[in-house]
Amino acid sequence: MSCQYKLPAWAAGITATIFPFTAMAQEGSLDQRINETVAPISNVIAGAIFYSVPIAGNDFPLIVGWLVIAAAIFTLYFGFVQFRKFGHAIALVKGDYSHPDDAGEVSHFQALATALSGTVGLGNIAGVAVAVSIGGPGATFWMILAGLMGMASKFTECTLGVKYRNEYPDGRVSGGPMYYLSKGLAEKGKPGLGKALAILFSICCIGGAVGGGNMFQANQAFQQVVNVTGGENSFLAGSGWLFGLIMAVIVGSVIIGGIKSIAKVTEKIVPFMAVIYVTAGLVIIISNIGMVGQAFSDIFVGAFTGAGVAGGVVGALIQGFKRAAFSNEAGIGSAAIAHSAVRTKEPVTEGYVALLEPFIDTVVICTMTALVITISGELNSGLTGVELTSAAFASAFTWFPLVLALAVVLFAFSTMLSWSYYGLKAWTYLVGEGKGKEIIFKLFFCLCVIVGASMSLGPVIDFSDSMIFAMAIPNVIGLYLLMSVVRGEVNQYWAKIERGEIRKVDKSATAEAET
Amino acid sequence: MSQTPSVKPILIGYDGTEAADRAVQFTANRAAAEGCPVHVIYVLEWSPYSFLSAQELEERHQRRTEELSRAEATLAPALRVFIDRKIPMTYEVRYGHSGELICQIAKEKKATQIVLGRKGGTALGARLLGSLALTLVQASPVPVTVVP
């Protein structure tokens, strides 16, 4: 996710630098009136969620600490599961343990890919640039560390997501934090607390879906399109509503009209864009292989000395931690919704697969961005955000900003589709299922696309961004209370593997056996 | 879904098209002449590495159940041909890559040959889109008969 611009004092300045059009394009009185109405409420909520304590001259949002501490606790509790079972996770994704009779059901790979398409986005491109431009190359080290620990949080929440999912008589499967919070805590003898946390989670999830998962995406995608089509002189400048309307019609035709082909095309292009992005990054890194040693030394030295960074080591650490937490959503609970549809008898297998998600998102893609920026030498150019990433890639491929703009729009679109689903699940959890109720949410969701693209609703976006992180409060409390359940699942799973009840499906052997 | 018969079967790939129905007739004649059983395969093209939206993930199990029952319905008339002619017959509906799956089943069942209906596409179309018949001719462990 990509919510890095919504933070206290310094954020306003950065927002203005990265996205000058936010401030410029819309000064309409309607915008202002909406801003003035919601600002008092949104400021209180955003202020509470992003409550920051000053550490060595840096503002450290407590919610980031909440997520990093949780990740550290799960890492220790599960004995560094992200390293010990990494190979097993790969084997599961490859389908080594998938029974041939389950062909046609949701595979581990599919659940992982769908969850990833909701996480990989603007944060990996723009957010990292903000982190290294403020925290220096050293921020990369702390980002990787936090990403590695976040793998344990994902493991925990996605195992629970599958264990406590609902399987309906008609064959549909639905899961996520609202189900494990209510059902799991009821098993622990705390039904009241479970229900309360589930409702709190659902409310925050709806807020996060229309905010960070929608309006923020629409807004940033529009800014990027304006930037590459000529900035202030762009034919689109000031026509955010038009861009938003087009986006909303496309999103609506997929989520309301059920037009699968559009979603299918995006789903084909998005992984492709991710591959292009990573390949371009690799090419730049390899062609500058001589500078990689220097870049890594900058990263390590920066991480422990904080040379040249405001706030020194702590400044670099805070930037890195923030970026990782905001990017991979470990501990937020959103991914558990996507992962829970997988076909498996063992919930813990999806937990293992899910731990690859922060690895790919943070340790691979974010690190790639950071390395390219460090190597390109654009770090001291005074740029930040998408512009910095864009400039870093442009130093090798002049045409890259165009590809990047396309990637940003597509990532925004796929993130919107994912979050429309997460929001819908939370909505139906609260109000019950039903065509009419679902349509209401979907229409509201589309409306928010237009609002997000056409207005500079800082306070509204602040509010909804804070809602995404608010999801982590009920979710992580639930994870602490339920982590013993996950350990039970782990133990019985490995007992079965040792007894040989679960083993790799050797496809060639089954064919050979009969000859 | 079926037992391996004692006598080696003829394998037929069926997909409900007219060409597949002609292949059924051909196979029935061959099986009757040779006195061997028939094994019918219906493949639902599927990759575990394809990309689905969250909504599709939720509904996947339901859809799969529907697809399987639709496949059974499509298969029924073909199966009736063999039943009517009292030819011993087994069948299966499988998800996967049709070329790989048919070759694999041919090995498992120790089939004497594979029979397929020809889609009747143009040569260019087959080159561009790939053709099951061409794939099998190149990869099959047993002889392949393509019925026009």
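The model is predicted, so local features are taken at pLDDT of at least 70 and side-chain atom pairs at pLDDT 80 or more, while totals for chains, interfaces and linings use all residues. Residues are numbered from 1 along each chain as its sequence is written, and chains are lettered from A, with ligands numbered from 1, in the order in which they are written. The overall scores are ipTM 0.81 and pTM 0.84.

Chain B comes out with a mean pLDDT of 85 (pLDDT being the predictor's confidence in each residue, from 0 to 100), and 89% of its residues reach 70 or more. Residues 1–5 of chain B are another matter: pLDDT stays under 50 there, and the model gives this stretch ten contacts beyond four places in sequence. A contact here means that the C-beta atoms of two residues, placed from the backbone, lie within 7 Å. Chain B has five helices and five strands, in the order β-α-β-α-β-α-β-α-α-β along the sequence. Helices (H or I, at least four residues) and strands (E, at least two) are DSSP runs, numbered from the N terminus. Among chain B contacts between residues at least 6 apart in sequence, 81% join residues at least 24 apart. Of its 148 residues, 37% count as buried; buried takes 20 or more other C-beta atoms within 10 Å of a residue's own, exposed takes 12 or fewer, and partly exposed is in between, with C-beta atoms placed from the backbone.

Next, the cores. A nonpolar core is a set of buried Ala, Val, Leu, Ile, Met, Phe, Trp, Tyr and Cys residues joined through C-beta atoms within 7 Å. The largest has 164 residues, and W142(A), A146(A), V408(A) and V449(A) touch the most other members. Helix 20 of chain A contributes the largest share of this core, 19 residues. Leaving aside neighbours within four places in sequence, A146(A) is in contact with V68(A), A71(A), G320(A), F321(A), A324(A) and A325(A). A separate core of 32 residues includes A20(B), V40(B), A78(B) and L116(B).

Within chain A, helix 8 (residues 122–135) packs on helix 19 (residues 385–394) at about 95°, with the axes 7 Å apart. Axes are lines fitted to C-alpha atoms, for helices over the stretch in contact, and angles run from 0 to 180 degrees between N-to-C directions. The pair is therefore roughly perpendicular (65 to 115 degrees; under 35 is roughly parallel, over 145 roughly antiparallel and the rest oblique). Helix 8 of chain A brings I125(A), A126(A), A129(A), V130(A) and S133(A) to the contact, and helix 19 of chain A brings G385(A), V386(A), L388(A) and T389(A). By class, these residues are six nonpolar, three polar and no charged. Ala, Val, Leu, Ile, Met, Phe, Trp, Tyr, Cys and Pro count as nonpolar, Asp, Glu, Lys and Arg as charged, and the others, Gly among them, as polar. Helix 19 of chain A is largely enclosed by the rest of the structure, because eight of its ten residues are buried. The buried residues include E387(A), S390(A), A392(A) and F393(A).

By contrast, S484(A), in helix 23 (residues 472–499) of chain A, is exposed, with 11 other C-beta atoms within 10 Å.

Finally, the contact between the chains takes 30 residues from chain A and 25 residues from chain B. Helix 7 of chain A gives the most to the chain A side, with five residues. That side has 13 nonpolar, ten polar and seven charged residues.
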